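Here are my notes on this model, point by point. Please read them with the structure open, starting with the salt bridges.

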Protein chains: 2
Amino acid sequence: MKISELSARSGVALPTVKYYLREGLLMAGEPTSATGAQYGDDHIRRLGLIRALSGAGLSIPRIRAILDLVSATDLSEFERIGRAIAQLPPHVDNDPVHEFPRAQKVLEFLGQVYDPRYVAVAHLEQALIGLEGAGLTLSEERLRAYGEHIRGIAEVEIDLMPLGSTEEAVRYAVLGTAMYEPVLTALRRLAHQDLGSAKFTSPAEHTTNRMKEN
Amino acid sequence: MKISELSARSGVALPTVKYYLREGLLMAGEPTSATGAQYGDDHIRRLGLIRALSGAGLSIPRIRAILDLVSATDLSEFERIGRAIAQLPPHVDNDPVHEFPRAQKVLEFLGQVYDPRYVAVAHLEQALIGLEGAGLTLSEERLRAYGEHIRGIAEVEIDLMPLGSTEEAVRYAVLGTAMYEPVLTALRRLAHQDLGSAKFTSPAEHTTNRMKEN
């Protein structure tokens, strides 16, 4: 198809398609003349991926890094997916120390590998420092429940991962990590509300409220 | 104690303590002279709460709204806690429609109350719209796992809620909602990495990678 049809079929405006071509995010088409080129379904899929990554709040350089990883066949698929996910926010400053003692303790408790090169280890350390600052604790009871249930969620997510091309796998891993996160966050708050309303509106509580209102 | 000692014991700088007094976030002390006043443990606790809320990224007007709710005895404790949590980001524009069909469907599937006044219902709707835009789905299998495991997490969190004063309960609910969220998000990414490394480094995969490298 011509570039105009590519734009129409992908739903990406023509100037944007040309911009992605110039930036190298979209691979060039098959040349048909000095100025024309033919595009195929690969281009439509790639445009869909670029648009989705952009919709997830990623900048052009970070999208480029992810697309480069899709075709980085010198790395294992696991390594490519891990590095692609590391492009997602929150971004962590390069710390010369590279030690995350709080995260290490938590991961050892959960029986998981502690590898300080994983960006999420730095995220966990930051989150644990935030807890301390707010005077909150991560008791063993809480951590055991977190570890068990988060693992249950992650297992279903890994099981549902498509096993076709690396592009599909990277797409699922990056977008899935980013886009299901707010779903889980909202569900947690709604579960609190659901459980809290049952807890706080026991018959005794009803009476107390009525007494307060009078 | 005098205001200078309050500052020293709470770790909040004296000009900041005075600012909180002027803004009404910190209640006035017991006057002892035309210019002096006495402060107590209530003031230290209040300063700790203000500092923690501020550390969670809340603005002064939102901190004031939460503190007002602590003492709003005309509302039930459940109502006060719910409204206090609604001060947390993400903030949703007032939508004149107030209908959240995607969130409603999800909540009905999970057997939870659908109440469009809950801010988290709008969060869920937004997250579900984001999924659609990225071409991702929320299958029944995934949603069942999410619902079950998030409820498990929320149950432990509600169980651990302190039942002393409303101030303590609001503190736990608001800070707990905000500060454990990034812990859970980081743990999810680490669980993916843990499960993924096992999945991607099966003996067959090892061979494939070695073949690619050669």
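1. A:D115 and A:R117 form a salt bridge, with the closest N and O atoms 2.7 Å apart. The term means a side-chain nitrogen of Lys or Arg within 4 Å of a carboxyl oxygen of Asp or Glu. The two partners sit in unlike surroundings. A:D115 is buried, at 13% relative accessible area. A:R117 is exposed, at 72%. The classes are: buried under 20% relative accessible area, exposed over 50%, partly exposed in between (1.4 Å probe, protein chains only).

2. A word on the basis. This is a predicted model, where local features need pLDDT of at least 70 and side-chain atom pairs count only at pLDDT 80 or more, while totals for chains, interfaces and linings use all residues. Residues are numbered from 1 along each chain as its sequence is written, chains are lettered from A and ligands numbered from 1 in the order in which they are written, and side-chain values use heavy atoms, with hydrogens and water left out.

3. Within chain A, look at helix α8 (residues 140–159), which holds both A:E140 and A:R144. Helices are DSSP runs (H or I, at least four residues), numbered from the N terminus. The two residues are 4 apart, about one turn of the helix. They form a salt bridge, with the closest N and O atoms 3.5 Å apart. A:R144 is partly exposed, at 47% relative accessible area.

4. In chain B, B:E125 forms a salt bridge with B:R102, the closest N and O atoms being 2.8 Å apart. B:E125 belongs to helix α7 (residues 119–133) of chain B and B:R102 to helix α6 (residues 101–110) of chain B, so the pair ties together parts 23 residues apart in sequence. B:E125 is buried, at 5% relative accessibility. B:R102 is partly exposed, at 30%.

5. Which residues are linked in a network of salt bridges? They are A:R142, A:R188, A:R189, B:E157 and B:E181. Over all chains, the count comes to 30 salt bridges.

6. Now helix packing. Helix α4 (residues 60–70) and helix α5 (residues 77–85), both of chain A, pack at about 175°, with their axes 9 Å apart. Axes are lines fitted to C-alpha atoms over the stretch in contact, and angles run from 0 to 180 degrees between N-to-C directions. That makes α4(A) roughly antiparallel to α5(A) (an angle over 145 degrees). A:I66, A:L69 and A:V70 of α4(A) make the contact with A:R80, A:R83 and A:A84 of α5(A) (heavy atoms within 4.5 Å).

Notes
Angles under 35 degrees count as roughly parallel, over 145 as roughly antiparallel, 65 to 115 as roughly perpendicular and the rest as oblique.
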